[in-house]
Amino acid sequence: MAPTKQQILDSLAKIPGPDGTPLSASGKLSDVMVSDGKVFFSITVDAAAVQAWASVRDRAQAAVQAVPGVQSAMVALTAERNATAPPAGPQQGARPAAPAGGRAAASPIGVPAVEAIIAVASGKGGVGKSTTAVNLALGLRDLGLKVGILDADIYGPSLPKLLAIREKPETAGGTRLKPIMRYGLTAMSIGFLIDEETPMIWRGPMVISALTQMLREVEWGALDVMVVDMPPGTGDAQLTMAQQVPLKGAVIVSTPQDLALIDARRGIAMFRKVNVPVLGIIENMSYFLCPQCGTRSDIFSHGGARHEAQRLGVPFLGEVPLHMDIREKSDAGLPVVATAPDSPLAAVYRDIAAKVIEQLKSPTRPAPKIVIEE
Ligand SMILES: Nc1ncnc2c1ncn2[C@@H]1O[C@H](COP(=O)(O)OP(=O)(O)OP(=O)(O)O)[C@@H](O)[C@H]1O
Ligand SMILES: [Mg+2]
């Protein structure tokens, strides 16, 4: 039988916090989410008290795990940094302490064995970010790298569909989750844990908890690159993510149209604000490639993103055509780079992957005279 929220809260009533107050009455708990035997919640405490709470978190997780019907529990301990504390972490030195939402930033979430974490982002939705993230990850794999992909779009996870993953991650040693391997990629998505139909309503701190868990409590193993598929937009949630994850760089996906380019500009501005290098722009759905005859037509006056990249002083990484195979194969969980590796489409993504690596190794400095803050 599926466990109820009340059963979870009852189990937490038996766990005392450091001062003896039961966890359920401590005021530190986020909303408890129970879905299909999976339980998620966070405990938010003062940064100074984190040590004292670590064992409480462990006991809470064990108690929830012991409730009949619970398949897995994700319990995150998140710290509210007080406003005067300096930002922490080697990569964070130059970053502002608080994101725009006013919520103070905790330490960035690192994954020790991952060499470089890069975000694939866009200012607006539906430009093909997830499709690009998956094929870029596969392109990086083809260059001989060990690659992971993290679906950070907790509002609308795409990886279950794009990689045709139906199985649930197994737990490793009680609290950690094993990622799912597909096409040589190590993959994790909140969508592997919940049913696609379940509407997910996340409150601010839960976003970071879920992300923390997916970064720190998943057995990623040693990776050269982790590609993070970001949620669309440049709101507080995205800004906080950009700030919390120690990103080596961000790739911006845009379509050629003017309106999408305005959003791409906002995306670039967001990453610059938190001192994450923009590795470049990809123009997706750049031109139409006829599936029958292979003829190319520039139906949208393509080239807008290349021009915009030049204007903003960021590298242009390449053009991906609008092609039925990309859409059909992506939506069927058969990404082109994995299933049609000899196609020209796969070559496009591999070229982009090579440019991304080039940028990671020796970033092009942005042209200083261009101001893009809006
Ligand atoms: N180059 C392309 N050619 C044809 N179809 C594409 C291409 N890129 C993406 N698509 C299709 O466009 C749709 C949206 O793509 P995708 O889900 O990757 O966008 P997204 O930016 O991640 O969206 P969201 O903002 O909702 O996360 C999908 O059906 C996908 O198959
Ligand atoms: Mg997406």
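Student: In which helix is the place of Glu308?

Tutor: Helices (H or I, at least four residues) and strands (E, at least two) are DSSP runs, numbered from the N terminus, and Glu308 has its place in helix H8, which covers residues 304-312. Please keep in mind that this is a predicted model, in which local features need pLDDT of at least 70 and side-chain atom pairs count only at pLDDT 80 or more, while totals for chains, interfaces and linings use all residues. Residues are numbered from 1 along each chain as its sequence is written, chains are lettered from A and ligands numbered from 1 in the order in which they are written, and side-chain values use heavy atoms, with hydrogens and water left out.

Student: Is Glu308 buried or exposed?

Tutor: A residue is called buried under 20% relative accessible area, exposed over 50% and partly exposed in between (1.4 Å probe, protein chains only). Glu308 has a relative accessible area of 6%, and therefore it is buried.

Student: Which residues does Glu308 touch, not counting residues up to four places away in sequence?

Tutor: Touching, or contact, means heavy atoms within 4.5 Å, and with those sequence neighbours set aside Glu308 touches Leu261 and Arg265. With Arg265 there is also a polar contact of 2.7 Å between the two side chains, where a polar contact is a pair of N or O atoms within 3.5 Å (within protein, one must be able to donate a hydrogen and the other to accept it, and residues adjacent in sequence count only if both atoms are side-chain atoms).

Student: How many helices and strands does the protein chain have?

Tutor: The protein chain comes to 11 helices and 14 strands, and of its 374 residues 53% are buried. Among its contacts with a separation of 6 or more, 75% join residues 24 or more positions apart.

Student: Which residues of helix H1 are buried?

Tutor: In helix H1, residues 5-13, the buried residues are Ile8, Ser11 and Leu12. Seen down the axis of H1, they fall within an arc of 100° (the arc of the directions from the helix axis to the C-beta atoms), so they line one face of the helix. The general idea is that an α-helix has 3.6 residues a turn, so residues three or four places apart point the same way. The cover over the buried residues of H1 includes strand S1 (33-35), strand S2 (38-46) and helix H2 (50-65).

Student: What is the separation between the C-alpha atoms of Asn135 and Ala338?

Tutor: Those C-alpha atoms are separated by 7.9 Å, although Asn135 and Ala338 are 203 residues apart along the chain. Asn135 is found in helix H3 and counts as buried, because its relative accessibility is 1%. Its side chain reaches the backbone oxygen of Thr131 at 3.0 Å, and, leaving out residues up to four places away in sequence, Asn135 touches Ser330, Pro335, Val336, Val337 and Tyr349.

Student: What is the phi of Ala164?

Tutor: Most residues other than glycine have a negative phi, and most peptide bonds are trans. Ala164, however, has a positive phi of about 45° although it is not a glycine. Ala164 sits in the loop between helix H4 (159-162) and strand S6 (171-172), and its backbone oxygen lies 2.9 Å from a polar atom of the side chain of Arg182. Met285, whose place is in strand S12, also is not a glycine and has a positive phi of about 55°.

Student: Which residues come nearest to ligand 1?

Tutor: A residue is near a molecule if one of its heavy atoms lies within 4 Å of it; of the 19 residues around ligand 1, Gly126, Lys129, Ser130, Thr131 and Pro321 come nearest. An oxygen atom of ligand 1 is 3.1 Å from a polar backbone atom of Val127, and an oxygen atom of the ligand is 3.0 Å from a polar backbone atom of Gly128. For Pro321, a backbone N or O atom lies 2.8 Å from a nitrogen atom of ligand 1. Taken alone, ligand 1 exposes 640 Å², of which the protein buries 80%, with accessible areas coming from the Shrake-Rupley method.

Student: Which element gives the most to the shell around ligand 1?

Tutor: Helix H9 gives the most, with 4 residues.

Note on methods: Accessible areas come from the Shrake-Rupley method with a 1.4 Å probe; for residues, only the protein chains shown count as cover.
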